[in-house]
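Hello,

Here is the structure I promised to pass on. Have a look at it first, and then read my notes below.

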Amino acid sequence: MRIDIVTVLPELIRSPFEASILKRAQDKGLVEVHFHDLREYGTGKHKQVDDYPFGGGAGMVMMPGPIFECIEKLQSERKYDEVIYMTPDGQTFNQRHANSLSLVENIIILAGHYKGVDQRVRDHLITLELSIGDYVLSGGELAAAVVSDAIIRLLPGVLNDETSALTDSFQDNLLAPPVYTRPAEFRGWEVPDVLKSGHFEKIEEWRHEQAMERTKERRPDLLNDKK
Ligand code: 6GU
């Protein structure tokens with residue numbers, strides 16, 4: 001898979017890809033992540049990428065020219081499955097989006113900044129608009145990193161234990177059950193007996209019950225959210 005991230009602030013988004021699982025995924029050749037600095041496509045001596053909004057109002061708007069140039073250059077080099085725009089008014093990103101995006105070959109992620117991008121970019125270039133929740137960030141970069149992480153960890157071979165993504169919270173619309181490690185007793189608090197029983201079926205049954213209970217308690221909305 002290949003992810004191309006288009007942004008006016010590449011320095012804001014590089015570091016999450018330079019450590020741990022995301023780094024290892026790239027080192028193993030399972031994903032390529034490329035960053036494109038929109039300013040390189042800016043106009044004039046100052047490499048301008050934004051301008052005042054028509055009709056007035058606060059804040060600047062990202063101009064269509066540099067964005068079209070950058071993204072059309074990429075599209076002339078390979079076919080992209082989605083051109084995603086990160087914006088607080090997009091669809092709320094969830095595990096379903098992550099699962100389906102992990103199956104495609106190439107995506108572009110455009111990180112919005114200032115008051116957003118000229119509507120013509122959204123109308124004629126973007127195929128999917130995503131938000132990461134109902135709060136406002138100063139730009140789409142951190143959101144692009146969040147979406148990329150959620151996708152990349154699902155690619156075959158990225159996680160050490162191949163089954164571990166399958167037991168994530170949300171993967172079956174249930175929150176994950178509690179987990180314990182050694183010591184079996186800590187400050188008088190005991191690990192549940194069933195987990196030490198070695199009885200695989202009973203353990204699985206207990207985990208499912210716990211997952212159900214946790215979900216009912218914390219996220220009842222997930223239980224009637226049909227997938
Ligand atoms: Cl994608 N962008 C910004 N600026 N804020 C957000 C967001 C995106 N998702 C949630 N808040």
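Among contacts in the chain between residues at least 6 apart in sequence, what percentage join residues at least 24 apart? The value is 74%, where a contact means heavy atoms within 4.5 Å. Please keep in mind that this is a predicted model, in which local features need pLDDT of at least 70, side-chain atom pairs count only at pLDDT 80 or more, and totals for chains, interfaces and linings use all residues. Residues are numbered from 1 along each chain as its sequence is written, and side-chain values use heavy atoms, with hydrogens and water left out.

Eight helices and nine strands make up the secondary structure of the chain; helices (H or I, at least four residues) and strands (E, at least two) are DSSP runs, numbered from the N terminus. Of the 227 residues, 41% are buried (under 20% relative accessible area; exposed is over 50%, partly exposed in between; 1.4 Å probe, protein chains only).

- Leu-12, Tyr-135, Leu-137 and Leu-142 form a nonpolar one. Tyr-135 lies in the loop between strand S7 (128-131) and helix H5 (141-152).
- Glu-201, Glu-205, Glu-209, Glu-213 and Glu-217 form a negative one. Glu-209 sits in helix H7 (residues 200-218) and is partly exposed, at 42% relative accessible area.

Best wishes

Note on methods
Patch = residues over 30% accessible without salt bridge, like charges linked within 9 Å, V, L, I, M, F, W, Y side chains within 5 Å. Areas by Shrake-Rupley, 256 points an atom, 1.4 Å probe, with all protein chains shown as cover. Salt bridge = Lys/Arg side-chain N within 4 Å of Asp/Glu carboxyl O. Lys, Arg positive; Asp, Glu negative; His and termini not counted. Charge placed at Lys NZ, Arg CZ, Asp CG, Glu CD.
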